[in-house]
Amino acid sequence: MGSSGASWKLPDHPKLPKGKQVAVVVLDGWGEANPNEYNCIHTAETPTMDSLKNGAPEKWRLVRAHGTAVGLPSEDDMGNSEVGHNALGAGRIFAQGAKLVDIALASGKIFDGEGFKYIKECFETGTLHLIGLLSDGGVHSRLDQLQLLLKGAGERGAKRIRVHILTDGRDVLDGSSVGFVETVEKDLEALRQKGIDARIASGGGRMYVTMDRYENDWNVVKRGWDAQVLGEAPHKFTNAVDAVKKLREEPKANDQYLPPFVIVDENGKPVGPIVDGDAVVTINFRADRMVMLAKALEYENFDKFDRVRFPKIHYAGMLEYDGELKLPSHYLVSPPEIDRTSGEYLVHNGIRTFACSETVKFGHVTFFWNGNRSGYFNQELEEYVEIPSDSGITFNVKPKMKALEIAEKARDAILSRKFDQVRVNLPNSDMVGHTGDIEATVVACKAADEAVKMILDAIEQVGGIYVVTADHGNAEDMVKRDKSGKPLLKDGQIQILTSHTLQPVPIAIGGPGVAPGVRFRQDLPRGGLANVAATVMNLHGFEAPSDYEPTLIEVVDN
Ligand SMILES: O=C(O)[C@@H](CO)OP(=O)(O)O
Ligand SMILES: [Mn+2]
Ligand SMILES: [Mn+2]
């Protein structure tokens, strides 16, 4: 029985057969935009994806992948992997972390919750530490939420506050970190005026310090730990604005990869290591890049790196980050209850599933796909394969990443005929797009296209079906634009856009197993990623649950 009380048994589709193998391919960060020199997908040779596009409108269309279509607060919110894969897998639109935190802060309920009460127990004698991504990107965290949390904690008795910042440059323009740090410094000054000892204590760039994911490189988390908890870092400054400005002067320095630093007092002593009796909040609402730190902060038994000290603290996440691990055990806002995902339904209906990506996106097609739940629903029917990603490099150095290896695994899984669904994420256009290296991103897009071809060829051989789509845009637009769409100049220069976009993404269906008469319906012009789950269920021969977003396809008699 599903948690709603509904049966897990899916009705047979009245027209579509069962038993076809379905490949579900998610191109990460592959949106649709006007062709021009900043559209790396357009520039790249992508014959496979181009040929799919020729199937429009019956076998190719666009779907929305940002804003309210994926449960984000507003249409100005770009898409991202978490909300994108949640929608793809769950078939419904859930108000996402960003929005839930907004609501809890607006009503003040966040301060009445169990999580806040728990950290508040330390306010009298301990320090409140806030650790997280400092930007207004809205993908992992948001500046205004941090500001409200700081203010609220001050009003509710926090006497000593330390902020441990992670600079962004990935969801926002590179170089924007300085302005964000200045803003927080002003807020902290206002708190100090009220007698609260509030300061920035440490910092570092998100990709080099703390925000690794899926255990690709624990050194990243260790660097953060050393600075945040131990108060140790190679760079010491007395002021965070100076720190960020100075560290950015290094050749090749950028916000994403700033080295760790600590803020010290006039005697050279770190101003805010984390010690027994302190409270810690990780302010990111998004899960993937907080899970590793959450484990380090929370687990008594931990062997991923030498923590040196394991302070007895009251730790809460902004959200619960992993529903299966119940991690962390305390949190300020309850996460969306993403239940009855398509993956869970399909295993209950006997669908054997293979899912694969490389480490940096592995959790996207498993954890995010399954509603932020780690592990299998049914190990007998599912196999999840992770191909180790390169670590310690920026992906413009190796833009092909593991696309070929992922495609080979998918091909072999398809040809083995052991699985009904073979699902992959191809990371290239996203991960290389985030580096802002246009030439490398073109190479990345070509590699992803070749991987798609390999998977489609295998589907052709077994008489199967493919669904090729993406989770949000990135590589299709690499320049910051004004409202009219013209590149926005700063000091006469274009500004490279490292972030995701607001663009829609393609979805294509095809393969010899698609029944005659199947085509995209024309009455869902505003269809989005959440409509994909029902579509895939149909292609497996099932009707989707009635509360799922409607399927994108129809079957016409011909
Ligand atoms: O790298 C990440 O964490 C985000 C951008 O902040 O990208 P994606 O949503 O594609 O994982
Ligand atoms: Mn993504
Ligand atoms: Mn991305």
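**View 1. The side chains of Ser81 and Asp28 are joined by a polar contact of 3.4 Å.** A polar contact is a pair of N or O atoms within 3.5 Å, where within protein one must be able to donate a hydrogen and the other to accept it, and residues adjacent in sequence count only if both atoms are side-chain atoms. The model shown in every view is predicted, with local features needing pLDDT of at least 70 and side-chain atom pairs counting only at pLDDT 80 or more, while totals for chains, interfaces and linings use all residues. Residues are numbered from 1 along each chain as its sequence is written, chains are lettered from A and ligands numbered from 1 in the order in which they are written, and side-chain values use heavy atoms, with hydrogens and water left out.

**View 2. Ser81 sits in helix α3.** Helices (H or I, at least four residues) and strands (E, at least two) are DSSP runs, numbered from the N terminus. Ser81 counts as buried because its relative accessibility is 2%, where buried means under 20% relative accessible area, exposed over 50% and partly exposed in between, with a 1.4 Å probe and protein chains only. Beyond its neighbours within four places in sequence, Ser81 is in contact with residues including Arg286, Lys361, His364 and Phe368, contact meaning heavy atoms within 4.5 Å. The unreviewed UniProt entry lists Ser81 under "active site"; such annotations may be inferred rather than shown by experiment, and UniProt positions are given in the numbering used here, with feature names shortened.

**View 3. Four residues supply the protein donors of the manganese ion (ligand 2), namely Asp28 (OD), Ser81 (OG), Asp471 (OD) and His472 (NE2), at 1.9 to 2.1 Å from the ion.** Donors are N, O and S atoms within 2.8 Å of the metal (3.2 Å for Na, K and Ca), and since water is not among the atoms, sites may look incomplete. Along the chain, the donors of this ion follow the spacing D-x52-S-x389-D-H. Distant parts of the chain are linked here, with Ser81 in helix α3 (residues 81-90) and Asp471 in the loop between β14 (465-470) and β15 (489-490), 390 residues apart. Both Ser81 and Asp471 are buried. The manganese ion (ligand 3) lies 4.2 Å from the manganese ion (ligand 2).

**View 4. Ligand 1 has 17 residues around it, of which Ser81, His140, Asp171, Arg286 and Arg289 come nearest.** A residue is near a molecule or strand if one of its heavy atoms lies within 4 Å of it. Oxygen atoms of ligand 1 lie 3.3 Å from a polar side-chain atom of Asp28, 3.4 Å from one of His434, and 3.2 Å from an N or O atom in the side chain of His500. Taken alone, ligand 1 exposes 310 Å², and the protein buries 100% of that.

**View 5. Ala98 lies in helix α4 (residues 97-107).** With a relative accessible area of 2%, Ala98 is buried. The C-alpha atoms of Ala98 and Gly71, which are 27 residues apart in sequence, lie 8.7 Å apart in space.

**View 6. Val347 is placed in helix α11 (residues 342-348).** Val347 is buried, its relative accessible area being 8%, and, apart from neighbours within four places in sequence, Val347 is in contact with Phe377, Asn378, Leu381 and Glu382.

Definitions and conventions: Accessible areas come from the Shrake-Rupley method with a 1.4 Å probe; for residues, only the protein chains shown count as cover.
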